[in-house]
Amino acid sequence: IGLGIPAEPLFRSSIKEMLDRKKMEIDNLTADSISDKGAIADLKRVMEFLSLQLEEKSANIAKFEEAVKKREAKIAELRGAVDVLTVESDNLKAKNDEQEKRLNQVFYIVGTKNELKNLGLLSGNALSKKRANYSNINNSQFHEVDARSFSTLVIDSKSPKLLTEKPASSYTMTKNNDGTTTLKITNSEEFWETSPYLIVMQ
């Protein structure tokens, strides 16, 4: 924040110039008409008055300049505090964003019966119903997505099965003409409430 110095410096300069001229006049009077003591006395009184004015203005300007320095130091201090708060705010936002991301982090995988079985994600035999096996979950085997934005999944199968139990009211399954099926999540909160995992068998 820039602060301008008022007209006092110019006034002080003009007084100094006037004093210099009066000194020259006294020197000339002293040299040319030493007997003109009255003129010299008048000039000295003027010089004394101007000297007092110059001292007063100089003192006022010094006070003003000191006030400006203090104000600029305070402004610099406040700017530094703002910078610190900005950094802290950015860090806090980044942490909140990361926390939000973790809270909304979900995983899905689509595979054939053999693929899911080989990955250890399928339990049950030929005589029992196939179920998802969560005892040996490895997140690296899944696609990681954000529950807030993930709403549609096209499955390359005419009759896929959701091995993860999900509320029927939270999604729809639509068969497409090309032999695929589209899973549409209609209620994300309800859909992922039971589990952050989705295992789909083609």
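First, the basis of what follows. This is a predicted model, in which local features need pLDDT of at least 70 and side-chain atom pairs count only at pLDDT 80 or more, whereas totals for chains, interfaces and linings use all residues. Residues are numbered from 1 along each chain as its sequence is written, and side-chain values use heavy atoms, with hydrogens and water left out.

Let me turn to the sheet. Three strands, in the order E5-E8-E7, form an open sheet with antiparallel pairing. Strands here are DSSP runs of E with at least two residues, helices are runs of H or I with at least four residues, and both are numbered from the N terminus. Two strands count as paired if DSSP finds at least two bridges between them. At the edges lie strand E5, residues 152-155, and strand E7, residues 171-175, each of which pairs on one side only. On average, neighbouring strands of this sheet are turned by 20° against each other, direction ignored; the axes are lines fitted to C-alpha atoms, and angles run from 0 to 180 degrees between N-to-C directions.

Strand E8 comprises residues 181-185, and its antiparallel pairing with E5 extends over four bridges. In one of these, Thr152 has Lys184 in E8 as its bridge partner.

I now come to the salt bridges. The term requires a side-chain nitrogen of Lys or Arg within 4 Å of a carboxyl oxygen of Asp or Glu. How many salt bridges does the structure hold? There are four.

One of them joins Glu98 and Arg102, whose closest N and O atoms are 3.8 Å apart. Both residues belong to helix H2, residues 37-103, and because they are four residues apart there, about one helical turn separates them.

A further salt bridge links Arg148 with Glu100, at 3.7 Å from N to O. Arg148 lies in the loop between strand E4, residues 143-146, and E5, while Glu100 lies in helix H2, so this pair ties together parts that are 48 residues apart in sequence.

Arg148 also meets Asp146 in a salt bridge, at 2.7 Å from N to O.

Finally, accessibility. Buried means under 20% relative accessible area, exposed over 50%, and partly exposed in between, with a 1.4 Å probe and protein chains only. Arg148 counts as exposed at 52%, whereas Glu100 is partly exposed at 37%. Asp146 is partly exposed at 22%, and Glu98 is partly exposed at 39%.
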